[in-house]
Amino acid sequence: MRRQVGYRWRLREIMASRGLFTTTQLTPLLAERGIELSASQVHRLVTGTPERLSLYVLAALCDILEVTPDELVPVTAQNAQLRKTASAELAPVLADAGLRPKRARLRPES
């Protein structure tokens, strides 16, 4: 059984609940913690969902917003449905009917 894992990036939502409504307010707070990011990098961090994130940046954001990583990035995991194949569905039916596949014979070209 396969597991499908996902996450939700809640930075913008948590910033708003803490009274931080613009990315320019976040930049100096990150700089105080040794994280130097350009205005466009901070904008992408806030408005988008990052696929990769430095642990230093994650730790700084958690410190600024006074949250845990789990609150900032809640993870979802659920069992994924396996695709059914036609051969798997037909195998019991064919076996019950006494049908077996025939071996193919290859003939030389004439």
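A search of the whole structure finds 4 salt bridges, a salt bridge being a side-chain nitrogen of Lys or Arg within 4 Å of a carboxyl oxygen of Asp or Glu. Side chains of opposite charge can pair when their charged atoms come close. The model is predicted, so local features need pLDDT of at least 70 and side-chain atom pairs count only at pLDDT 80 or more, while totals for chains, interfaces and linings use all residues. Residues are numbered from 1 along each chain as its sequence is written, and side-chain values use heavy atoms, with hydrogens and water left out.

The overall layout comes next. The protein has 6 helices and 2 strands, where helices (H or I, at least four residues) and strands (E, at least two) are DSSP runs, numbered from the N terminus. Read from the N terminus, the order of elements is β-α-α-α-α-α-β-α. Of the contacts between residues at least 6 apart in sequence, 72% join residues at least 24 apart; a contact means heavy atoms within 4.5 Å.

The accessible surface of the protein is about 9,300 Å², and carbon and sulfur atoms account for 53% of it. Accessible areas come from the Shrake-Rupley method with a 1.4 Å probe, and for residues only the protein chains shown count as cover. Of the 110 residues, 21% are buried. Buried means under 20% relative accessible area, exposed means over 50%, and partly exposed lies in between (1.4 Å probe, protein chains only).

Arg33 pairs with Asp63 through their side chains, at 2.6 Å from N to O. This pair links distant parts of the chain, 30 residues apart: Arg33 is in the loop between helix 2 (23–32) and helix 3 (39–47), and Asp63 is in helix 4 (residues 55–65). Asp63 is partly exposed, with 44% relative accessibility. Arg33 also counts as partly exposed, at 33%.

Arg33 has a salt bridge to Glu32 as well, with an N to O distance of 3.6 Å. Glu32 is exposed, at a relative accessible area of 62%.

Another salt bridge joins the side chains of Glu13 and Arg10, at 2.9 Å from N to O. Glu13 is partly exposed, with 39% relative accessibility. Through salt bridges that share partners, Arg8, Arg10 and Glu13 form one network.
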